[in-house]
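I opened my notebook to look up a few places in one model. Here are the entries, in the order I made them.

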Amino acid sequence: MSSKKKSRSYMDQEALDRCLWASSDGYELWIEEEARKASQFYVVNGTNGKVLLQWQHEFKTAANVCCVCTTEDGQNGEQTHLLKVAWSDSRTVYCDYVTISGNLPVLVTEPLIDVSFDITAFELIWNQGVALIVEEALGCLHVFDTGLNRYLGYVTLFSNAKTNLQLAQLIKYASAQSTLWAIVRQYDESTKVSWACLNTYQISNFTLKSTVQLPRGFTDYTFVNAPGIKHLQRFEEMSTVVCSSCDILGKSVIQWFLSPKMPWREVQRDHSHH
């Protein structure tokens, strides 16, 4: 089906279609993931369903695609939107810059970061110009300054077959403090023993701010959205919550951190009898 005939109503029926962005004045950005790794992007006028711009890229998974938008008000009352759509192929993270003004979108694509390893997943901290890129083979999270095209360093994430280096489970960015929280693996070369730590980093120059050891004896460590705590909603909203668990033992520990020191709340659970 051609882009001229493709409409919003058609895309709503597609299971693999996803709306990445929608504006208050009726513009939308959609992605349609196809089976052969080629994904179609559409800028649509949501009012009449008309496709204003269509393009495609080939990449491993559309789950890595992320988008941010800035909007400026013009003197004539029309808004100008600048969309930044990030995606990656095997060893490069790209950005599509889409300018939308008066039903006339313009697309420019530029590379952001080239790396020497296969990219498994990535995340951009747009307001800091920082790219977080996963190298699954070594379990590493690499950190780059995209503005200066500079490598800032890496950490080894604590992952296993269950978490499989899912970024949302192993890192968390606190924008108010410009702080990156990460569940990392520490390793003692002399004893050949590893353990999990909760580290925080100042993201602008990727320097370690603090580290605290997570409970030992578990196999899985992930950030979670814990159940609400009665009368403590404010503390809950401000907290970073980590779950340490082991399916074989049927046990878990949930810890609430307000700062990267000792948790202010801890709940132990025994699932072995359930």
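**Entry: a surface patch**

I began with a nonpolar surface patch of about 260 Å², made by Met238, Leu258 and Trp264. For patches I used residues with over 30% relative accessible area and no salt bridge, joining like charges within 9 Å and nonpolar side chains (Val, Leu, Ile, Met, Phe, Trp, Tyr) within 5 Å. Accessible areas come from the Shrake-Rupley method with a 1.4 Å probe, and for residues only the protein chains shown count as cover.

A note on the source: this is a predicted model, where local features need pLDDT of at least 70, side-chain atom pairs count only at pLDDT 80 or more, and totals for chains, interfaces and linings use all residues. Residues are numbered from 1 along each chain as its sequence is written, and side-chain values use heavy atoms, with hydrogens and water left out.

Next I located Leu258. It sits in the loop between strand 19 (251–257) and strand 20 (265–270). Helices (H or I, at least four residues) and strands (E, at least two) are DSSP runs, numbered from the N terminus.

I checked one distance here.

How much space lies in the second largest pocket? I found about 220 Å³. Which residues are closest to its centre? Of the 14 lining residues, they are Ala174, Gln177, Trp181, Met238 and Leu258. Strand 13 (171–174), strand 14 (179–188) and helix 3 (233–238) are the elements that give two or more residues to this lining.

I wrote down how pockets are found. On a 1 Å grid over the protein atoms alone, a pocket is an open set of points with protein on both sides within 12 Å along at least five of seven lines, while a cavity is a set where a 1.4 Å probe fits but cannot get out; lining residues have an atom within 4 Å of a point. Grid points are joined across faces, edges and corners, and a volume is the space filled by probe spheres set on the points.

I sorted the lining by class. It has six nonpolar, five polar and three charged residues. Ala, Val, Leu, Ile, Met, Phe, Trp, Tyr, Cys and Pro count as nonpolar, Asp, Glu, Lys and Arg as charged, and the others, Gly among them, as polar.

**Entry: salt bridges**

How many salt bridges does the structure hold? I found two. A salt bridge is a side-chain nitrogen of Lys or Arg within 4 Å of a carboxyl oxygen of Asp or Glu.

Asp118 pairs with Arg91, and the closest N and O atoms are 3.2 Å apart. This pair links distant parts of the chain, 27 residues apart. Asp118 is in the loop between strand 8 (106–114) and strand 9 (121–125), and Arg91 is in the loop between strand 6 (79–88) and strand 7 (92–101). Asp118 is partly exposed at 43%, and Arg91 is partly exposed at 38%.

Lys192 pairs with Glu189, with the closest N and O atoms 2.4 Å apart. Lys192 counts as exposed at 52% relative accessibility. Glu189 is exposed, with a relative accessible area of 52%.

**Entry: positive phi**

I stayed with Lys192, in the loop between strand 14 and strand 15 (193–202). Its phi is near 60 degrees, a positive value in a residue other than glycine. Asn103 has a positive phi too, near 65 degrees. Asn103 is found in the loop between strand 7 and strand 8.

**Entry: a buried residue**

Leu132 lies in strand 10 (residues 130–135). Its relative accessibility is 0%, so Leu132 counts as buried. Leu132 and His142 are 10 residues apart in sequence and 5.7 Å apart in space, C-alpha to C-alpha.

Terms used
Buried means under 20% relative accessible area, exposed over 50%, partly exposed in between (1.4 Å probe, protein chains only).
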